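Welcome, and thanks for taking a look at this one. Here is a short briefing to read alongside the sequence and the 3D view.

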Amino acid sequence: MSDLEDIDLENGDAERDNDRTGDDTVHDESEAARIAEALVFASAQPVSEAFISDRLPKAFDVRAIMLRLQQEYAHRGVNLVRVDDAWAFRTAADLSFVIRRDENEVRKLSRAALEVLAIIAYHQPVTRAEIEDIRGVQTSRGTLDVLMEAGWVRFRGRRRTPGRPVTLGTTRDFLDHFGLEELRDLPGIEELKGAGLLSGRIPANFNIPSPSMNDELTEDEDPITQMDLEELGLLAPGGASEE
């Protein structure tokens, strides 16, 4: 065998050794937890479990790792919180007053906006006409614009009924802002009564619906297309996003 062939074989062995070393970089759950922790810490937005999973060997249970980290941070100044299928670091609730900045406080929503947001949260997927039917009054486009600009409400799809009305739903930012892990954490009727948000003289048959936990389109919804986005004013003609 020639010297050149010997060098090629040695280089090939070295490359294979490097590949194996790369695969073994994350060799235990503690190291995997450190990587997951770093990924969440470096992001300003909640980080999905899928994103974390893509950066760890398949052998690791990402949900189990995140739950362990959540316990470790439970009594610290910052907590690791779950937002739907994502994770984020947030200031501990009992310390939020310490770092609150008045100049950055979110503008208070109008009563109409709060009502619309509550209806969308509990009744989603819901159309504008259905919102108006529940409230008993018309809903202005400005009210929906405020909720969308806040990032709490989104267009889900189009209902398979005459006129194909747009359906609305809440976003992950909605859950994050209100400190909810998932929609089932929304307060029920007894909690709302206890908080003084419902009158004591409500109808006997009054009930609050359980919000849908499925973020996927329902059987009577079609996905939003590029043409729909243009019609709704979210895209300029031709598909380019409006500046």
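Two strands count as paired if DSSP finds at least two bridges between them. With that in mind, please note that this is a predicted model.

**Strand 5 and its partners**

- Strand 5 pairs with strand 6 (residues 166-170) in the antiparallel sense, over 5 bridges.
- Within that pairing, arginine 158 has valine 166 of strand 6 as its bridge partner.
- The hairpin of strand 5 and strand 6 has 6 residues between the strands, and glycine 163 there takes a positive phi near 90°.
- Strand 5 also pairs with strand 7 (residues 221-223), again in the antiparallel sense, over 3 bridges.
- In strand 7, glutamate 221 is the residue that stands opposite arginine 159.
- As background for viewing these strands, side chains in a regular strand alternate between the two faces of the sheet.

**Aromatic rings**

- How many aromatic pairs does the structure hold? There are 4.
- One of them joins phenylalanine 41 and phenylalanine 89 in an edge-to-face arrangement, with 6.5 Å centre to centre and 70° between the planes.
- Phenylalanine 41 belongs to helix 2 (residues 29-41) and phenylalanine 89 to strand 3 (residues 86-91), so this pair ties together parts that are 48 residues apart in sequence.
- Phe41 and Phe89 form one aromatic cluster together with Tyr73.

**Charges over rings**

- Tyr73 of that cluster also has a charged neighbour: the charged end of arginine 76 sits over the ring of tyrosine 73, 4.4 Å from its centre.
- Elsewhere, arginine 55 lies over the face of phenylalanine 51, at 3.5 Å from the ring centre.

**A nonpolar surface patch**

- Leu95, Phe97, Val98 and Ile99 make a nonpolar surface patch of about 400 Å².
- Isoleucine 99, one of these residues, has its place in helix 5 (residues 96-99).
- Isoleucine 99 has a relative accessible area of 52%, so it is exposed, the cut-off being over 50%.

Technical notes: Residues numbered from 1 in each chain as written. Predicted model: local features only at pLDDT ≥ 70, side-chain atom pairs only at ≥ 80, totals over all residues. Heavy atoms only, no water. Helix = DSSP H or I, 4+ residues; strand = E, 2+ residues; numbered from the N terminus. Patch = residues over 30% accessible without salt bridge, like charges linked within 9 Å, V, L, I, M, F, W, Y side chains within 5 Å. Areas by Shrake-Rupley, 256 points an atom, 1.4 Å probe, with all protein chains shown as cover. Salt bridge = Lys/Arg side-chain N within 4 Å of Asp/Glu carboxyl O. Buried < 20%, exposed > 50% of the residue type's maximum accessible area, 1.4 Å probe, protein only. Phe/Tyr/Trp six-rings, centres within 6.5 Å; stacked < 30°, edge-to-face > 60°. Lys NZ or Arg CZ within 6 Å of the ring centre and 35° of its normal.
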